[in-house]
Amino acid sequence: MGNLWLILVLLTSSLGFGGSFLAEIGPNGVWQAKRFASFKAQGARYSESSRLLSFQLKSVEDTALAEFYLRSYIDSSHLNYVISNGKVQKAPIFAEPGAGGQWFHERIGTLKAWETTRGDSRITVAVLDTGLDYNHPNLKEAVAINQGEIPRNGIDDDHNGIIDDYLGYDFVNEDPDPMDETSFYNPGQGTHLSGIIAAQPTAEVGVFGIAPLTKVLPIRILDRNGEGTLGAVVRGIDYAVSRGAKIIVAGWSANLSKKGAAPLEAAISRAHLAGVLIVAAAGNQGRSIDNVDIYPANIRLPNVVSVTSTNQVNSKSSWANFGLNSVSILAPGDNILSTLPKAGHGRVSGTAYSAAVVAGVAALTLSRVVLTPAELISRLQQTGVQITAEALCKCLVNAEESVVSSMPIIYPSYSVAKVGQKLRYQVSGDAGPIEVSDSNLAEIDEQGNLVAKKAGVVQLKIPTHPDAKPAELRINR
Ligand SMILES: [Ca+2]
Ligand SMILES: [Ca+2]
Ligand SMILES: [Ca+2]
């Protein structure tokens, strides 16, 4: 017995193959504590209730040999059998796009849009938020890499003024690691938003983003409690633009005075010049933001689209902000399932998530057509599905229509003016001039400008394209 023992020990330590086994110990068999201790050191486990011993042998794949091995530990009469321990894999868990899982995909037509496009790796969406768990299995492939930068060498290899910004940057802690840091106040919002935009399930588990082939750029401007500074926001926007992002998600808001918001407005203007869309959350206080200075949601610049939340029955979420003059579009933001840090998944609600939905649809759209931010906003609005809501455009974003539409678009499609104000309209392609539905309210002058004459709502149409959806102008006193 002693010699055999020695041989087996040699075998177990010298070869890389091996098998995993289950042995049933008979009813009268006593698995001696001492012996089990040495076996346990090799990874064996014994369950009293099932009387099953599971163990692995590095060199043995054959069950007969494994049984022979085991008999050196226990009296043969008490060993019922040894079998190969078959592999059991966890059933794949997918959050079905549609149905009860990621219900928002069904409401915005994601799957139908995917018949045309799943996004483009050259389109980058910057997520200015709490950071990103870039190790998440559903997001590992989604991060926009700064190819000119070598990570962790202490050198600004691409000379953009920021050392080691290989993935993104953390403007909270001033470090090149944008890892999402969680707390009671932050379940991992940046990771969740990123998942809505670009998550890709693995073979085992996961959720789908709206544009799974798109890249996300993590820019950390909010700390682990979800708070940040204006300075970090401004630097974050400039950084996103410099990294070539086409879309920036701003899932936060700030109550600032006009003067206090000047640096933010300036940064968003610079983003506009660079052709970058800002998707801003309208906020979660359940109130109108028409007469509140909520930034950036109601900054009146052509590249800002403000988004509020809808629920599963396509109604505005009760807690979501609204505004006839200030909310540009609606998107699902209620009970949204997406990625969370540490390989997690979970449901959250908020207009931030609605903003991410719009950013995802915008990214899908840009993978098909080249558009300026103003054109893109109008396209998202005019291809949206009409719903009841207190918003500039009472429309629920629709991925399929936005991706496939070939209708000419008037832009801005939804706007507000005061009596006496002049506005300049444009039409995509060569679709021709526009006409006003009610000449008492507004008219087009010789220079082609629209002049607002009286309070009310006018529609603008393209006579050569009667099927195209009219644009709408709300004239206030
Ligand atoms: Ca750099
Ligand atoms: Ca470097
Ligand atoms: Ca960091």
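Reply: Here's a walk through the inside, starting with a helix.

First, some housekeeping: this is a predicted model, where local features need pLDDT of at least 70 and side-chain atom pairs count only at pLDDT 80 or more, while totals for chains, interfaces and linings use all residues. Residues are numbered from 1 along each chain as its sequence is written, with chains lettered from A and ligands numbered from 1 in the order in which they are written.

Start with helix α6, residues 189-198. Helices (H or I, at least four residues) and strands (E, at least two) are DSSP runs, numbered from the N terminus. Ten of the ten residues in α6 are buried, so the rest of the structure largely encloses this helix. Buried means 20 or more other C-beta atoms within 10 Å of a residue's own (exposed is 12 or fewer, partly exposed is in between), with C-beta atoms placed from the backbone. Among the buried ones are H192, L193 and I196. What do they pack against? The buried residues of α6 pack against strands β6, β9, β10, β16 and β17, plus helix α9.

Now for the largest nonpolar core, with 113 residues. Such a core is a set of buried Ala, Val, Leu, Ile, Met, Phe, Trp, Tyr and Cys residues joined through C-beta atoms within 7 Å. Its largest share, twelve residues, comes from α9. Domain 2 (95-406) and domain 3 (415-476) both contribute residues, so the core lies between them; those bounds come from an automatic or database domain assignment.

I248, V249, V279 and V358 have the most contacts inside the core. Take I248: leaving aside neighbours within four places in sequence, I248 is in contact with A126, L128, I237, A240, A271, V276, I278 and V279. In contact means C-beta atoms, placed from the backbone, within 7 Å.

I237 also sits in α7, where, along with L230 and V233, I237 belongs to the side that meets α8 residues including L264 and A271. The axes of α7 (230-242) and α8 (262-273) are 9 Å apart, at about 5°. Axes are lines fitted to C-alpha atoms, for helices over the stretch in contact, and angles run from 0 to 180 degrees between N-to-C directions. That makes the pair α7 and α8 roughly parallel, the word for angles under 35 degrees.

Definitions and conventions:
Two residues are in contact if their C-beta atoms, placed from the backbone, lie within 7 Å. Angles under 35 degrees count as roughly parallel, over 145 as roughly antiparallel, 65 to 115 as roughly perpendicular and the rest as oblique.
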